[in-house]
2 protein chains.
Amino acid sequence: MTEIKEDRQETAATPATGAPQAPAGPTDGPLTAAELQLSARNHSMPLEALRREVTPPGLHYVLTHFDIPDIDPASWHLLIGGAVERSLELGMAALRRDPAITVPVTLECAGNGRSLLTPRPVSQPWVMEGVGTAYWTGVPLAYLLGKAGVLPNAREVVFSGADSGIQGGVTQRYARSLPIREALRADVVLAYSMNGGDLPPQHGYPLRLVVPGWYGMASVKWLESIEVVTTAFTGYQQAVAYRYQDNADDAGTPVSRIRVRSLMVPPGIPDFLTRNRTLVPGPVLLQGRAWSGGGAVTGVEVGIDGTWLPAQLEKAPGGFAWRRWTLPWVAEPGDHVLSCRATDSTGATQPLGQNWNYQGLGNNMVQQVRVTVSAPS
Amino acid sequence: MTEIKEDRQETAATPATGAPQAPAGPTDGPLTAAELQLSARNHSMPLEALRREVTPPGLHYVLTHFDIPDIDPASWHLLIGGAVERSLELGMAALRRDPAITVPVTLECAGNGRSLLTPRPVSQPWVMEGVGTAYWTGVPLAYLLGKAGVLPNAREVVFSGADSGIQGGVTQRYARSLPIREALRADVVLAYSMNGGDLPPQHGYPLRLVVPGWYGMASVKWLESIEVVTTAFTGYQQAVAYRYQDNADDAGTPVSRIRVRSLMVPPGIPDFLTRNRTLVPGPVLLQGRAWSGGGAVTGVEVGIDGTWLPAQLEKAPGGFAWRRWTLPWVAEPGDHVLSCRATDSTGATQPLGQNWNYQGLGNNMVQQVRVTVSAPS
């Protein structure tokens, strides 16, 4: 019997066919089976992992639009072409001979917080944990673009992954673009390593883009091609998805940098099902992390039953990585609501209420943690 | 200011206090916010990872009842006591000097498939991907029990983790027991390594139990103590949770070994939101894995629109690890339903309909994959 290559099915997808449809609209109804299936596939970072400056694989959030491709690194190549002086075709061995940088980066899914919105946009139903911080090692994108020679009329750089599927009626490979000025930033990296180890399959093995400061949709995984273009890229993930829209007919504005946000490690112990927290009375160190793609985090306030107190901020590990904050608190018996609110160097701060939009993106509303303080039974 | 140890909150929990309550009952209603929060915390294995014999961290399923503890390996100790000749207190360095074994094991959550049941038991709402296979390396439990010297009246061995919380109204550390004959099996391992690397935090760092063939609840993570007991253990996770019950008042029977099961890599490409699959017409290699805690997998049949065909079975990697199966299929245009059904050496096979029980455990109902075969647009 002739060997059947299952991969012919995966490579059958061609980019951007079909008439694009707007993302599914918001609902006041209950969670659908499709949303639960997405929640089962994609995973977030349990909030207790905020204790760690670095998030290991399995704790770092993962969103995969289609399937995780199974790539043979021996036959894999990266193509760099379009409006360049010299097209390049590079294997992994060649990439590993190029100069490498390591950058600490907090990545967050643009849809993080979506399921808390009312009405709820139907898509991956993140609660609030779609985040993680890792050290990414690889070749600076600017170095490779320099090698290829970007032509003067270049406008954007388009990154295409190996992951293919259908979204909004369009059969596509996942692809996103960056403005040329962002692509030439010194800290944008083509990463082949996460936290010093090989890139895990779900994080883009063998090579992914990492764009510090931008929501995760920009950091294209399973990277196969980089094309310098002279007109605005109109692929589905750029022109239809990942836009701040008021409604389905609004052209909207593109999502780019991560809005300022902070999260807290819920103190005490959880109830398995409800996740309600119980603490014993006495001193407890409240702690968490804060980050922003807009600028450095300059302050975090902690709200205790509505009274805001300034938290102690630790030095950031660098770049667009989160900063640890702490606040000692003496827990008194009773029910309490704990919150945290970060501000960045642009003056942006987190809203107390929801900042709703049609696709449920960039929801950086303040987290609320309800705790019950009682003596141990 | 005096340094406040946040850990005092975590260690405040004492085992097994409060009157136990039955797990939450089943519902015909929509998914609750509590279930979604559990789904966001715990993660399953995307089905395309069935292509891999070994599941890396981040793809392997994880269920954490309470919070993932943050353990300092330098001060961590394992206590072995109870009905033994000599109590032992072992640090990680001592454990690593003991003889080590490596076992390939398929672990599955006992609640896998729960959300597909009607009515739906309210708990972690697994769809069908709560599974994974890893190589676990560590000290054979039987070796350490031999060193301690098990007394003749020993009946069970109780394993307690560092993870504490509240479940069913009971404040507890997670704890489970094994009958002494199971604890003395040669392949039960106290693992400090997963797939050749350090145990990740979410998989029980620095030490976990791995019980091949049993559902995952037996493989206690973040292990702190092992106690040999002379009477049946009545902890919450043994006597209340993880029981096959007809209703809340049924004492039920304990869950132990994994029921025979197979899963398929959904062929073709997915739609992002619905996960519906699309294939081009022509040959495709259907493939997946099959496993059982009852005995060796002896056969897998693949159902194509209700017609069952025998799949090719590959050699198992050993022990209780899954076996790969394949079946070549020529996809004809139209809509199709694909299924797979495994049988093991005890004669057990997967049911076509649900095997409902009050807690939603051991649901090994046959998977159905709906695909649309159409020419590329």
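Predicted model: local features only at pLDDT ≥ 70, side-chain atom pairs only at ≥ 80, totals over all residues.

Trainee: Which residue stands opposite L190(B) in strand 11 of chain B?

Mentor: L209(B) does.

Trainee: How many bridges join strand 6 of chain B to strand 9 of chain B?

Mentor: There are 5, and these two strands run antiparallel. Strand 6 covers residues 131-140. Look at G138(B): A191(B) in strand 9 of chain B stands opposite.

Trainee: What do strand 9 of chain B and strand 10 of chain B form?

Mentor: A hairpin, with 2 residues between the strands. N195(B), in the turn, has a positive phi of about 50°. Strand 10 spans residues 197-198, and its antiparallel pairing with strand 9 of chain B has 2 bridges. In one of them, M194(B) has G197(B) as its partner.

Trainee: Where do the side chains of a regular strand point?

Mentor: In a regular strand, they alternate between the two faces of the sheet.

Trainee: Now the cysteines. How many disulfides are there over all chains?

Mentor: The count is 0, with a cut-off of 2.5 Å between cysteine sulfur atoms. For C340(A), the nearest cysteine sulfur belongs to C109(A), 19 Å away. C109(B) is in no disulfide either: its nearest cysteine sulfur, that of C340(B), is 19 Å away.

Trainee: Why does C109(B) count as buried?

Mentor: Because its relative accessibility is 6%, and the cut-off for buried is under 20%. C340(A) also counts as buried, at 0%.

How values were computed: Residues numbered from 1 in each chain as written. Chains lettered and ligands numbered in written order. Heavy atoms only, no water. Pairing = 2+ DSSP bridges. Helix = DSSP H or I, 4+ residues; strand = E, 2+ residues; numbered from the N terminus. Buried < 20%, exposed > 50% of the residue type's maximum accessible area, 1.4 Å probe, protein only.
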